[in-house]
Amino acid sequence: MTSYDLILRGGACVLPWGIETTDVGVREGRIAALGDLRTAHAANEVDCRGLHVLPGLIDAHVHLRDPGDPAVEDLAHGTKGALLGGLTAVFDMPNTAPSITDRERLDWKRGYLEGRAWVDVGIYVGASQKNIDELGMLELQPNVCAVKVFAGSSTGDLLVGDDASLERVMRNGRRRICYHSEDEYRLQERKPQFKSGMPHRNHMVWRDVECAFLGTRRLMALARKTGRPAHILHVSTAEELDYLKDFRDVCTVEVLLNHLTQTDEAYDRLGGYAVMNPPIRDERHLKAAWAAVADGTVDVVGSDHAPHSRAAKERPWPDCAAGLTGVQTIVPLMLDHVSAGRLSLSRLADLMCAGPARVYGVVGKGRLAAGYDADFTIVDMKKRRSIEESWIVSPCGWTPFAGHDCTGWPVMTILRGAVAMREDEVIGAPRGTAVRFAEARGA
């Protein structure tokens, strides 16, 4: 009798070639078999009948704020939220305090996550004016998912806004670079038009379509000039999405859950809890984002989980902090979009598993297929549940989606063959490790 460490029995498995009801056998943390395993034995068996088994979902855009302010967020709480929300890996941004911009801080972070991370973690390195010449070396360090460039709206010392410096960044290294694309010059030029205490919806007026589109046009011109592949994060405008279809040779595209879910009415309802960069926009842009999901323009959907304290969010605009929580709620909300018919489960797996793996060069993740890591997000598409702030584990304690009713919910998260979350119960100790990437040394 064939023996496995774990068998998932009878689930509707979201495979690269379609959805099939089948068994999955796991051995030594990797997928060993797909098919009829009725005659096989395992130390642990999970009945998945009536459930869907997805490859472990990835949120490739989170800010876990560690090192920083543990009263707002830290790596342990943020990754626990990810686990409870059905994720098996997250990629953490570098704008911490201090920023992750050199080898010493990268080494510290890699060691720090061991024993603290509840899911696997990829590490961004930040570009600054001071480390441009070192980026080619830094991007090849173990477990680095990408270089992150703030071409606008930076924190700390992570602004690289002028074309000459951006071109230098592109000419130092070879891996795909991730960009926050807003034009810093237009932002600063228009800032005096707005005063403290103005309505929050002015956020999308200040950081308007042209602010984002101009930044993206500049970056695409430089990407073509240098031949350096780009990944534009949180694309928020119809204009950009249409424009980027002509740059598939050098560019991949991320859209946020927020820009697929919220429109400008959120400013009136949520005030500062709707303020993020780039901003939530009107329905025309939301419809364009869904059209781009449908036609394949979008490669990745992320949360841009960026917590702040309630006090920081409740200051008058524009003094309130920009950034929203999302790592724990992205999977339930995307499942709700599946239930509403806006995309299929197969497309969801592409956007949140195969897509991130392809864009960033992840080793061993991205598909429910033999030989890959035994990471699984198991969901009940019939389960109905409301998002409640009491469920949120991030220390900041809030979500802009409180009260949102979802149809479809993650009921189990399996990390390298071990059940790590089941029905809201976190099981065992943190076992997340650093994600491996194909082009990074030590992969």
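I take helices (H or I, at least four residues) and strands (E, at least two) as DSSP runs, numbered from the N terminus. The model is predicted: local features need pLDDT of at least 70, side-chain atom pairs count only at pLDDT 80 or more, and totals for chains, interfaces and linings use all residues. Residues are numbered from 1 along each chain as its sequence is written, and side-chain values use heavy atoms, without hydrogens and water.

**Backbone entries**

I looked up asparagine 143 in the loop between α3 (135-138) and β9 (144-150). Its phi is positive, about 75°, although asparagine 143 is not a glycine. Asparagine 143 is buried (under 20% relative accessible area; exposed is over 50%, partly exposed in between; 1.4 Å probe, protein chains only), at 11%.

I then checked arginine 65, between β6 (57-62) and α1 (75-84) in a loop. Arginine 65 also has a positive phi, about 60°, without being a glycine. I find arginine 65 buried at 16% relative accessibility.

I turned to the peptide bonds. Asparagine 277 and proline 278 are joined by a cis bond, omega about -10°. Proline 278 sits in the loop between α10 (265-270) and α11 (283-295). Tryptophan 317 to proline 318 is cis, with omega near 0°. I place proline 318 in the loop between α12 (310-313) and α13 (330-339).

I note that most residues other than glycine have a negative phi, and most peptide bonds are trans.
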